[in-house]
Structures are given as structure tokens and as C-alpha cells.
Amino acid sequence: MKAVVFAMVMAVSFNVFASGDESDKQALQSLLKQTQSLSAEFEQQVKDEQGEVLQTLSGTLKLKRPANLYWHTKEPDESVMVANGEKVWYYNPFVEQVTIYAQQDMVDDSPLLLVLNSNGNQWQNYNVSFRDNRYFVEHQTNGSKLELRFTDEKLTEITMVQAQGERTELMLNNVALNETISDEQFVFDVPADVDVDDQS
């Protein structure tokens with residue numbers, strides 16, 4: 001579950017990121033603002049702090065401003081995550097359970113949600129720097145880190161690093177920007193006969 005949450009949305013240990021300056025943060029926010037929606041297929045690898053691969057996943061994701069997310073990993077590790085701006089639903093078919101979270105509470109643990117909210121107050125908790133054609137985003141207190149790479153202004157790589165050093169690398173393929181995505185994509189209907197853990 002933790003790997004999937006960080007993958008919404010994050011090996012070699014990262015160097016400590018420089019604080020950067022407000023111009024880097026503003027440049028990243030401006031770039032993110034240009035993305036009103038994004039659809040892509042992804043390949044994900046979760047690595048430990050030594051770089052050993054712990055998990056490999058693939059699936060699809062959709063993002064839509066102001067705060068909508070759809071994330072579906074394929075079998076054998078199938079899971080679905082849907083966010084609509086207020087709540088986040090995480091469904092694991094294998095254990096037949098849906099967990100519901102308040103989306104506001106998930107931003108610090110799921111930096112990908114920060115990508116959706118380019119002007120939110122949560123940005124005050126992050127330092128941003130730009131180098132090697134990548135944006136580095138570091139939480140000021142909990143140690144989580146986010147690395148974003150754009151190709152022709154399309155978001156194509158996302159790397160998330162937990163404070164303990166676990167690293168999630170997300171490669172996006174077949175990226176479609178600013179195409180119409182129905183709001184119904186971000187409505188989650190809880191399947192019958194599953195356990196519901198509502199933490200919202």
C-alpha cells in the first residue's frame with residue numbers, strides 16, 4: 001500500500017537537495033499550470049536504498065485539474081486509486097478492501113497530489129531547485145523528495161524518495177496532454193461485498 005501511495009502520484013541515495021529559490025518554484029508551478037489534464041501509461045519500479053528492485057508495476061493514470069486523479073495498476077498487483085479533490089479511494093481487489101482518505105491529508109505522503117495543485121498552500125512546505133534538466137522538490141520537514149522531468153513540456157518521469165531512502169521511479173509513456181477527460185472517470189463506486197475502511 002505504501003509503495004502504491006507514494007507512486008501516485010515517487011537505488012541510489014539522493015544527495016541532499018539545495019533549497020533552490022522562489023524562481024525555480026515559480027517556473028515549476030508555471031509549467032504545471034499548463035497541464036490541465038494528462039493521461040499516460042506507466043512503468044513503475046520500487047527500489048530500496050541500495051538500489052535493489054523490490055517491486056515492478058505497470059498501469060494507467062489520468063490527472064485532471066484542479067485535483068482529480070485516477071490510478072490503475074495491472075494484475076498481478078492490481079489496485080485502483082481515485083481522487084476527486086475531497087477524498088481518495090484506494091481499492092485492493094486481492095484483499096477485497098476499499099480505504100478512504102481525506103485528500104487534503106494525503107498531500108504530504110503523496111507528492112503527486114502536489115503536482116495537481118500548483119498554487120496550493122502545501123507548496124509552502126516544499127523547497128524547489130532545478131538542475132540536470134530536472135526539478136527537485138523536497139519537503140522541508142518529513143524528508144520526502146520528488147523529482148520531475150519534462151520532455152517538450154510533457155511530464156515524462158516522476159521519481160519519489162521516502163525519508164528512509166526507498167525510491168519509486170515512474171516512467172510515463174503515450175502521454176496525452178490537455179485532452180478532455182470526463183468527470184465520471186474520477187467517481188469511484190465501491191464494489192459490493194468489500195470491506196470499507198473510511199479514514200476520511
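Visitor: How many bridges join strand β5 to strand β6?

Guide: This is a predicted model, in which local features need pLDDT of at least 70 and side-chain atom pairs count only at pLDDT 80 or more, while totals for chains, interfaces and linings use all residues. Residues are numbered from 1 along each chain as its sequence is written, and side-chain values use heavy atoms, with hydrogens and water left out. Strands (E, at least two residues) are DSSP runs, as are helices (H or I, at least four residues), numbered from the N terminus; two strands pair if DSSP finds at least two bridges between them. Strand β6 covers residues 97–102 and runs antiparallel to β5, and the number of bridges joining them is 6.

Visitor: Which residue of β6 is the bridge partner of Trp89?

Guide: The hairpin of β5 and β6 has 4 residues between the strands, and Glu96 there takes a positive phi near 55 degrees. Across the pairing, the bridge partner of Trp89 in β6 is Ile100.

Visitor: Which residue in β5 is the bridge partner of Met81?

Guide: Strand β4 (residues 79–84) is joined to β5 by 4 bridges, and the two run antiparallel. In β5, the partner of Met81 is Tyr90.

Visitor: How many residues of strand β5 are buried?

Guide: Buried means under 20% relative accessible area, exposed over 50%, and partly exposed in between (1.4 Å probe, protein chains only). Strand β5 spans residues 87–92 and is largely enclosed by the rest of the structure, because the buried residues number 5 of the 6.

Visitor: Is the pair of Tyr91 and Phe188 stacked, tilted or edge-to-face?

Guide: Rings of Phe, Tyr and Trp (its six-membered ring) pair if their centres lie within 6.5 Å; planes under 30 degrees apart count as stacked, over 60 as edge-to-face and the rest as tilted. The structure holds 5 aromatic pairs. In one of them, the centres of Tyr91 and Phe188 are 5.9 Å apart and the planes meet at 50 degrees, so the pair is tilted.

Visitor: How many residues apart are Tyr91 and Phe188?

Guide: Tyr91 belongs to strand β5, whereas Phe188 lies in the loop between β11 and β12 (195–198). The pair therefore links distant parts of the chain, and the separation is 97 residues.

Visitor: What is the relative accessibility of Phe188?

Guide: Tyr91 counts as buried at 16% relative accessibility. Phe188 also counts as buried, and its relative accessibility is 14%.
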